[in-house]
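Welcome! Take a look at the sequence and the model first, then read on.

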Amino acid sequence: MVEQKIMSVVPSSSESSTKECDVFISYQGKDTRKNFSSHLYEALMQKEVETCEDEDIEKCDEISAALMKAIEDSRVSIVVFSKNYGSSKWCLSELIKIMDCKKLVTNNF
């Protein structure tokens, strides 16, 4: 049986033309890396949408400054919620940063 995936698209902190990535994808690797998320990443790249994911950034115990910057520097964040997303400290840290960026956008309008 295929699990249902819920996806959310969240604008990042600004629409500046200096953004590093068009899209940042946040997902729980064990759940979706080899299926949904990798297909999404490839589809976006084929359409020449500059896409970042945490796989592109060196891992450590805590969410890194490079990852925070990648989220901030993306035009949009896509969150792929899955069974184990909420149990990942890394994913939840990404989600908090994404939501903080969304608040900045909302408050600036």
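Across the protein chain, the pLDDT averages 80, and 72% of the residues reach at least 70. Keep in mind as you explore that this is a predicted model.

**Where to read with care**
- Residues 1-8 keep a pLDDT under 50, and the model gives them 16 contacts beyond four places in sequence.
- Residues 13-18 also have a pLDDT below 50, with 11 contacts in the model beyond near neighbours in sequence.
- Where pLDDT is low, the predicted coordinates should not be read in detail.

**The nonpolar cores**
- The largest nonpolar core is made of 13 residues.
- Phe24, Leu67, Ile71, Val79, Tyr85 and Ile98 are the residues with the most contacts inside this core.
- At least two residues of this core come from each of strand E2 (21-27), helix H3 (65-72) and helix H4 (89-107).
- Helix H4 gives the most to this core, supplying 5 residues.
- Another core lies apart from the largest one; it has 8 residues, including Tyr27, Leu40, Leu44 and Val80.

**A residue to look up: Glu48**
- You will find Glu48 in the loop that runs between helix H2 (36-46) and strand E3 (51-53).
- The phi angle of Glu48 is near 60°, which is a positive value in a residue other than glycine.
- Is Glu48 buried or exposed? Glu48 is exposed, because its relative accessible area is 74% and the cut-off for exposed is over 50%.

Terms used: Residues are numbered from 1 along each chain as its sequence is written. This is a predicted model: local features need pLDDT of at least 70, side-chain atom pairs count only at pLDDT 80 or more; totals for chains, interfaces and linings use all residues. Side-chain values use heavy atoms; hydrogens and water are left out. pLDDT is the predictor's confidence in each residue, from 0 to 100. Contact means heavy atoms within 4.5 Å. A nonpolar core is a set of buried Ala, Val, Leu, Ile, Met, Phe, Trp, Tyr and Cys residues joined through side-chain atoms within 4.5 Å. Buried means under 20% relative accessible area, exposed over 50%, partly exposed in between (1.4 Å probe, protein chains only). Helices (H or I, at least four residues) and strands (E, at least two) are DSSP runs, numbered from the N terminus.
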